[in-house]
Amino acid sequence: QVQLAESGGGLVQAGGSLRLSCAASTSTRDFYGLGWFRQGPGKEREFVAGITWGGASSFYADSVKGRFTISRGDGKNLIYLQMNSLKPGDTAVYYCGAANAYSRTFHSGGPGAYDLWGQGTQVTVSS
C-alpha cells in the first residue's frame, strides 16, 4: 500500500517562505490528481491547492492565490507547495492527498475526492 509523507514544515516569521514536499513510499501508478489541504487550530480541514497528474490544471483557494504555488515533482516526490508571504493565519497542519479518479469534487477542492492522505506537517507562522 502506497503511503504519502509530507515534509518541509517548520516555524517561520510572517512574510517568510517555506516549501512543502509530498513523497510516496513506493513507486506509484498515475493518480488523477493531487492536492494540499490544511487544518488550523480549532478549524476543519480546508482546501489549499490542487493539481492534475499531468500538471495541466492547477487551482487554489482564494486565501492563498498569488502567494502559494503547487507543482508536480518527479519520481517519488509527487508534489510541492511553495508558500511565500506567509501570514499567521496560514498556521496549520498541512496534508497532501491523492485522488484516484476524476470527479467534480476534486476540481472544486472537496476532501471527499481524495483516496489517500499523508500524516501532515506542521507550519507555524509567527507575527
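This is a selection-by-selection tour of the predicted model shown above.

Residues are numbered from 1 along each chain as its sequence is written, and side-chain values use heavy atoms, with hydrogens and water left out. Because the model is predicted, local features need pLDDT of at least 70 and side-chain atom pairs count only at pLDDT 80 or more, while totals for chains, interfaces and linings use all residues.

**Stop 1**

Zoom to β1 and β3, which are antiparallel and joined by four bridges. Glu 6 is opposite Cys 22 in β3. Next select Ser 21, in β3 (residues 18-24). Ser 21 counts as buried because its relative accessibility is 17%; buried means under 20% relative accessible area, exposed over 50%, partly exposed in between (1.4 Å probe, protein chains only). Leaving aside neighbours within four places in sequence, its contacts (heavy atoms within 4.5 Å) include Glu 6, Trp 36 and Tyr 80.

**Stop 2: the disulfide**

Select Cys 22 and Cys 96. They form a disulfide with sulfur atoms 2.1 Å apart; the criterion is a pair of cysteine sulfur atoms within 2.5 Å. A search of the whole structure finds one disulfide. Its S-S torsion is about 60°, so it is right-handed. The link runs from strand β3 to strand β9, between cysteines 74 residues apart. Both Cys 22 and Cys 96 are buried.

**Stop 3: the largest nonpolar core**

Select Leu 4, Trp 36, Leu 81, Met 83 and Tyr 94. Of the 37 residues in the largest nonpolar core, these touch the most other members. Such a core is a set of buried Ala, Val, Leu, Ile, Met, Phe, Trp, Tyr and Cys residues joined through side-chain atoms within 4.5 Å. Elements giving two or more residues include β4 (33-39), β5 (46-52) and β11 (121-126). β9 gives the most, with five residues.

**Stop 4**

Six of the seven residues of β5 are buried. β4 and β5 pair antiparallel over six bridges, and Trp 36 stands opposite Ala 49 in β5. Their hairpin has six residues between the strands, with Gly 42 in the turn at a positive phi of about 70°. Three bridges join β5 to β6 (residues 58-60), also antiparallel, with Ile 51 opposite Ser 58. This hairpin has five residues between its strands, and Gly 55 in the turn has a positive phi of about 85°.

**Stop 4: Asp 90**

Finish at Asp 90, in the loop between β8 (77-83) and β9 (92-99). Asp 90 is buried, at 2% relative accessible area. Its side chain reaches the backbone nitrogen of Lys 87 at 2.8 Å. Not counting residues up to four places away in sequence, Asp 90 touches, among others, Arg 38, Arg 67 and Val 125.

Methods: A polar contact is a pair of N or O atoms within 3.5 Å; within protein, one must be able to donate a hydrogen and the other to accept it, and residues adjacent in sequence count only if both atoms are side-chain atoms. Two strands pair if DSSP finds at least two bridges between them.
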